[in-house]
Amino acid sequence: MDPRPYLTVAVLLFLLGAAGFLVRRNMLVLFLAVELMLNAAGLALITFARMHLSMDGEALFFIMLALAAAESAVGLAMVIAIYRNRHTLNADKLDDLRG
Amino acid sequence: MDAITLIPLALLAGAALNGLLSLLSVRGRRILEPLVALIAIAAPVSALAAALHVFGDVSHLPSGRIEVELFDWIAAGSVNIDMKLVADNLTCVMLLVITGIGSLIHIYATAYMHGDEAYPRFFACLNLFTFFMTMLVLGSSLPVLFLGWEGVGLCSYLLIGFWWKDAKNSAAGMKAFVVNRIGDAGFLLGMFLLWQTAGTLEFDGLRRFAEGAGAAAAFGADSGVFGASVATLACLLLFVGATGKSAQIPLFVWLPDAMAGPTPVSALIHAATMVTAGVYLVARLAFLFSFSATALATVMVIGGATCFFAGLMAVRQNDIKKVLAYSTISQIGYMMIGVGTGWPNVGMFHVVTHAFFKAALFLGAGSVIHACHHEQDMRHMGGLIKKMPLTAIAMTLAAAAMAGVPPLAGFFSKDEVLWRAFATGTDAGMFAWVCGMLGAACTGFYMFRLIFMTFGGSYRGHAHPHEVPGRMWATQGLLALGSVGIGFLAVPHILGGHDLFGSYVNQVLPLWAQPAPAHGEAATEWLLMGTSTALGLLGIAAAWLCYIRNPRLPDACARTFPRTAKVLEGKFFVDEAYDAGVVRPLEKASQGFFHKLLDRGLIDGLVNGTAALAQGMGSVLRHGQTGLVRTGIGLMLAAVAALLLLLLG
């Protein structure tokens, strides 16, 4: 099996996520971008699992799904908390650590 | 507990209790004066009782000494110094003087300081001083002696600046402290040299070393400093310390200024006890000085020169306490001549007699100042014999004793000093003898000038003088009686006596260290005795002529010899010379070099420079910290990408 088409998609997905994270300001969108990158990595994992005919990668991907669920729960809770305090979701306004 | 431990302990307890009361009074609580006075007097009096006990014990013991080891004081490798107290005959003499005269002065001071706002603090310091002084004479080794030595210096500083609200008094205290530190540097160096040579600083150990076979070679070896032998260098360095504490040339300048303290302080510290510590040191180490004729000669020359010059400085002073201050310096000169002859008893006897008459004179001066409402200028006194006859009698007796009028105390002690100096037959001895003779004439003159200006003639002031309270005239009267009678302790053989004091004190000096006995013809001794007494009486007569018979004479003399008068009034301009030669250059160097260049430039520069460097780097690097999530993630991604390229490419 040729892994290259799958990996290309994974790389594109990852770059899309990274670019989104760097250029967008809304925190919910940033959150989406993070999910994109996460799933790009998942796709790569499955591709390699298929390539080596091993179930390890798929097992890992299931763990990753659970992790993503937990992460989005915590992350969304933080987003809500920030919105309640600052009344904005613009990430550029949240620069309290500026030197 | 041993009586010997009780002596310093009682005094320390007194100081601690009064110190505690002093702290309470600072916090605004009223402290009962009688309570403070009771503690203050009880401490030295119980120390006196203990000292008498020790004196009795020492006389009965065949070894002639008591030792008590309290604890290990310094234990560091090969250096092991015990806190050990030793009493022998020499110590007993000093102990009795310190606690005996100290008690009287404490009693006097409780009346003199009546109403002072810092009453408890005064007596805390005074008791502490007496404690350190007893430690000084009880110490079994040089370091313990040095502890007392520094302690009395500290208390002297505290008491000179007792009325610290007047900046002049604080300055006088600091001057005393600094000048003493210069001497202490010599003391320390001398101590180090002895340690290096003998490997011990215990007096007993040093003596055993000196008796040992290798001592002559070790002490006689070239020290490498101006070709002096080790013994000479060590003795001279220790003597530098003695000149500081005992106010000898060239370090005497602090003592006249020390008169800024309350008068009982001047009596106890700056006349009777502390300033004689240098004499005690030389007497204690007489066996060491016996190794170096040069050191002994130096002691005699310095003593003689101080004796004469300080005597001259005293003759044109108008402040009653300043006269006594210069006279103290001059009299300590005699003591130094005495110990410089190699016989500790000679100098020590003058210490004892001087303690009596000088304490009496200072207490008398305190009474006069008290009566004249803090007037110290003798030009505004006079005729006080009618107002305060008891003080006048006490002071006159003490002054006569000091001037060497036979058969009062000063006659015996001063005569012995001069005779021994003459009998050494050395150039230094002759120089000291001549100076001492001239000093005797000065003594008679300035003492009776003081008496006549204060008590003779008619009153020239504006206050209403009155006799002082009983406690004050009683103590000064007792001291005056002592200065009349104490001389009989050492009646020389030529006058049919047995020199009890001399044989008592000289027991501490091993036979091998004793100089050759003075061989002189009886006729010479009689002649010398007659001459020195005559010179003293001549001085008294001159004072009578100048200040009773013809009061205009001194001014006429001053007009005829204006230069001489000016030099005498200016005290030979020693203070001015030190100011120009030492103090101001030092101040300039401190300001220009140490302060501006070293402190502000180098040290502050380094410290502030480090801070400025960190600040500068921070102000550049802070721009990287935008606080945006985006920047952080972007940098991270770039870094990971770079890392991947590096690893894979």
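B:Met174 sits in helix 6 of chain B. Helices here are DSSP runs of H or I with at least four residues, strands are E runs with at least two, and both are numbered from the N terminus. B:Met174 is partly exposed, at 47% relative accessible area. Buried means under 20% relative accessible area, exposed means over 50%, and partly exposed lies in between (1.4 Å probe, protein chains only).

This is a predicted model, in which local features need pLDDT of at least 70, side-chain atom pairs count only at pLDDT 80 or more, and totals for chains, interfaces and linings use all residues. Residues are numbered from 1 along each chain as its sequence is written, chains are lettered from A and ligands numbered from 1 in the order in which they are written, and side-chain values use heavy atoms, without hydrogens and water.

**Nonpolar patch**

B:Met174 belongs to a nonpolar surface patch of about 580 Å², together with B:Leu154, B:Tyr157, B:Leu158, B:Phe177, B:Val178 and B:Ile182. Patch residues have over 30% relative accessible area and no salt bridge; nonpolar side chains (Val, Leu, Ile, Met, Phe, Trp, Tyr) are joined within 5 Å, like charges within 9 Å. Accessible areas come from the Shrake-Rupley method with a 1.4 Å probe. Helix 5 (142-160) and helix 6 (167-198) of chain B each supply at least two patch residues. Helix 6 gives the most, with four.

**Buried elements**

Helix 12 (residues 277-284) of chain B is largely enclosed by the rest of the structure, because eight of its eight residues are buried. Among them are B:Tyr280 and B:Arg284. B:Ser246 is also buried, at 0% relative accessible area. B:Ser246 lies in the loop between helix 9 (230-245) and helix 10 (254-257) of chain B. Beyond neighbours within four places in sequence, the contacts of B:Ser246 include B:Ala277, B:Gly278 and B:Val279, as well as B:Ile332 and B:Met336. Contact means heavy atoms within 4.5 Å.

**Salt bridges**

The structure holds 20 salt bridges over all chains. Each is a side-chain nitrogen of Lys or Arg within 4 Å of a carboxyl oxygen of Asp or Glu.

| Pair | Closest N to O distance |
|---|---|
| B:Lys84 and B:Glu67 | 3.4 Å |
| B:Arg316 and B:Glu569 | 2.6 Å |
| B:Arg630 and A:Asp92 | 2.4 Å |

B:Arg316 lies in the loop between helix 14 (293-314) and helix 15 (320-340), and B:Glu569 in helix 25 (residues 562-569), so this pair ties together parts of chain B that are 253 residues apart in sequence. B:Glu569 is partly exposed, at 39%.

Salt bridges that share partners join B:Arg65, B:Glu67, B:Lys84, B:Glu202, B:Asp204 and B:Arg208 into one network. B:Glu67 is partly exposed at 41%. B:Asp204 and B:Arg208 both lie in helix 7 (residues 203-211) of chain B, four residues apart, about one turn of the helix. B:Asp204 is partly exposed at 26%, whereas B:Arg208 is exposed at 55%.

**Interface of chains A and B**

The contact takes eleven residues from chain A and ten from chain B. The two chains bury about 960 Å² between them, 64% of it on carbon and sulfur atoms. Buried area is the accessible area (1.4 Å probe) that two parts lose on being put together, summed over both. In chain A, A:Phe21, A:Leu22 and A:Gly99 lose the most area to chain B, together 49% of what that side buries. One salt bridge is counted between the chains.
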